[in-house]
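Subject: Structure handover

Hello,

Here is the structure I promised to pass on. Please open it first, then read the notes below it.

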Amino acid sequence: MSTVDRVGRDEDATVDERAELLRRAGYWLHLMRAIEEAGRRLYLQGRLAGSFYDGRGQEATAVGAGLALRSRDVACPLIRDLAVHLIRGITPEQAFRHYLGRAGGPMEGRDGNVHLGSLALGTIPMVSHLPEMIPVGMGVALGRAWRGERVAALAFCGDGAANGGVWHEALNLAGAWRAPLVVLVERNGWQYMTRSDACLAVERVVDRAPGYGAAGFSVDGNDVLAVHEVVAAALEHARSGRGPAIVEAHTYRMHGHGSHDDQRYVPQAELAAWAERDPLVLWERRARAEAGWTDEEQRQLVEAVEREVGEALERALAAPYPSPDDLAASVFA
Amino acid sequence: MSAATITYREAIRLGLREALARDERVVLMGEDVGRGGGAFMVTEGLLDEFGEQRVRDTPISEAAFTGVAVGLALDGWRPVVEYQFADFLTSGMTQIVNVAAPMHFRARTPVPLVIRAPAGGGFSGGPFHSQSPEAWFLRVPGLKVACPATTEDAGLLLAASLADPNPVLFLEQKNLYTRVKGTFAYDPDAPLAGAAVRRPGRDLTVVSYGAALHPCLAAAEAVAREGIDVEVVDLRVLCPLDWETVAASVSRTSRCLIAHEDHAEYGVAAELAARVAGELFGELDAPVRRVGAAFHPIPFSPPLEQATLPSAGGIAAAIRELAAF
């Protein structure tokens, strides 16, 4: 199978469908950005335990991919992919309760950061060991495929995690078994404090695709429609029983690994250059050009999202902490 | 099939066969488990009977196939993963320890996964085919560990492991595969818990499990001729631990020796010694003693391996010393 380069043109979609998709994507892009800005503020104010991890600059990848999933597909989002959780049903209030370690969050304070998930919502609770979630998602999708369902797993990872052993094990297994797996590599330039380029033996991660019998796709990870189209195609490839696919989404990690990381190792000029390609800016440009998006609509969207996020945060901050009483009792099912 | 001729290996095979026949959610996965029948031929014939969909050969990719099994378990399947040797559990350790084990605690989602792994030495397997890995896993909340010592328990504990909604490490004793014979039992309602008194006695309690149970029983017979009446407790399931049975026995005998094939240090013996000393101090007439493999890797050469692993003679010597205290 050859590596395919695609750019963002939803060729099969009608103009109306693309306009509708753009409008939907705009809400999720702004919602993820607003929730993470609020979370980061909480951390910087010392009101949030642990650290805070966000996906600033990578929202288009999370949103585009999240909107490409079908209900029975399963996703393994990581720490840059909050929008996938939101699209799959986590409310902003649940997200804040989770960040804050409050009762009523999806993990009831047992875990934090962006470590959340629920198979009922089609997500796997992530672990910090990257990329160990890839085979887990594959297992869910494979089992559903055995039952005759037409589904795929979408496992996210960074360009750093693409060098972990299980990344290779899982993709080889998926190739050997023709398992319905898509690995979405967010090429964000950094593995924590080290440039990912320095850690890769290939120029592009997707160049490895033939080695796993996988289809390979490259995409502009900051263009939400492009991501949507390419991930949809990759998922369809996987669902059809033709084996796994690797999507390499070129993007940039605009913040540090976590909010504790001041990015002193990142050249300012590089950040400035990528800020020009901010996914929300690119989205707005496209929405105006292709969906007739107006100034008034933009103002209303930003206001609505700010209100929704502000109210959710207020409710989450008022929520109690979970009781430690049943900690030991919840170790075993 | 005459019941008394069943080997430990055959009991596990019959147990897997029962599981596959009774529950269509059960799938077996591992290296060579299908066409080859497994490195120890435990799954021989199961591929022919149940097909490739349910008995699946995997690449040498423990992390990946264990992860796939976790995913299957999360979505309602009952995967049974085979590791060719328990020594190779390290290759899938992240999935077992950090993905499967804490899943219910973190997300209230059960992971009904059974991981079968042949453990223990005694046949010149060398440092990488002889280890007893239970202590690595017993400190992991969320993971259950079973270690059958008899053919009956091979079937019963396998059934119980499959019926349990948690990840279970099922440590088969490769030294017992053909050496232990008995009957077959399979009861999905049997609990994955509970120690058994294998030999009642008045003078001293020996706590053991797995392959080491047999030299413990032999040592008990040997010292019986000298007038020492030993009670032998088989833990059967290491987590959850049946402390009550151990405590009742030690309270009766007032002396306790813990003997297992794993290193004595930091493992089951250390845990039990601490609990006996901490909770039964007033009952004891002698210090708690431990017997286990010497604290170095298991060597290859036969006399070196014999010098490393616990033996009936060594266990009998420890019993005599404790009885005379």
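Let me start with one residue. A:A233 is buried, because 20 other C-beta atoms lie within 10 Å. (A residue is buried if 20 or more other C-beta atoms lie within 10 Å of its own, exposed if 12 or fewer, and partly exposed in between; C-beta atoms are placed from the backbone.) A:A233 sits in helix 7 of chain A.

Some housekeeping. This is a predicted model: local features need pLDDT of at least 70, side-chain atom pairs count only at pLDDT 80 or more, and totals for chains, interfaces and linings use all residues. Residues are numbered from 1 along each chain as its sequence is written, while chains are lettered from A and ligands numbered from 1 in the order in which they are written.

Confidence

The model scores ipTM 0.96 and pTM 0.96. Chain A has a mean pLDDT of 95, and 96% of its residues reach 70 or more. (pLDDT is the predictor's confidence in each residue, from 0 to 100.) Take care with residues 1-10 of chain A, where the pLDDT is below 50. Beyond near neighbours in sequence, this stretch has 28 contacts in the model. (Two residues are in contact if their C-beta atoms, placed from the backbone, lie within 7 Å.) Chain B averages a pLDDT of 97, and 99% of the residues score at least 70.

The two chains

Chain A has ten helices and eight strands. Its C-alpha trace spans about 55 × 55 × 40 Å along the principal axes. Among contacts in chain A with a separation of 6 or more, 76% join residues 24 or more positions apart.

Chain B has twelve helices and 14 strands. Its C-alpha trace spans about 60 × 40 × 35 Å along the principal axes. Chain B also fits the globule rule: 325 residues would give a radius near 20 Å, and the chain has 19 Å. Buried residues make up 56% of chain B. For contacts with a separation of 6 or more, the share from residues 24 or more positions apart is 80% in chain B.

Where they meet

In the interface, 31 residues of chain B contact 31 residues of chain A. On the chain B side, the elements giving two or more residues are helix 3 (62-74), helix 4 (93-100) and helix 5 (103-107). Helix 3 of chain B gives the most, with ten residues. That side of chain B divides into 17 nonpolar, eleven polar and three charged residues. (Ala, Val, Leu, Ile, Met, Phe, Trp, Tyr, Cys and Pro count as nonpolar, Asp, Glu, Lys and Arg as charged, and the others, Gly among them, as polar.)

The core

The largest nonpolar core has 213 residues, and A:V182, A:V247 and B:I319 touch the most other members. (Such a core is a set of buried Ala, Val, Leu, Ile, Met, Phe, Trp, Tyr and Cys residues joined through C-beta atoms within 7 Å.) Helix 1 of chain A gives the largest share of this core, twelve residues. Leaving out residues up to four places away in sequence, the contacts of B:I319 include B:L204, B:V206 and B:A219.

A:L42 is found in helix 1 (residues 15-44). A:L42 counts as buried, with 20 C-beta neighbours inside 10 Å. Its C-alpha atom is 9.6 Å from that of A:Y99, 57 residues apart along the chain.

The buried residues of helix 9 (residues 279-291) of chain A are A:P279, A:L282, A:W283, A:R286 and A:A287. They lie on the same side of helix 9, because they cover an arc of only 135° around the axis. (The arc is that of the directions from the helix axis to the C-beta atoms.) On the other side, A:V281, A:R285 and A:A289 are exposed. What covers the buried residues of helix 9 includes helix 1, helix 2 (59-68) and helix 7 (224-239) of chain A. After helix 9 of chain A comes A:G292, with a positive phi near 65°.

Best wishes

Technical notes. Helix = DSSP H or I, 4+ residues; strand = E, 2+ residues; numbered from the N terminus. Rg over C-alpha atoms; globule rule 2.2 N^0.38 Å.
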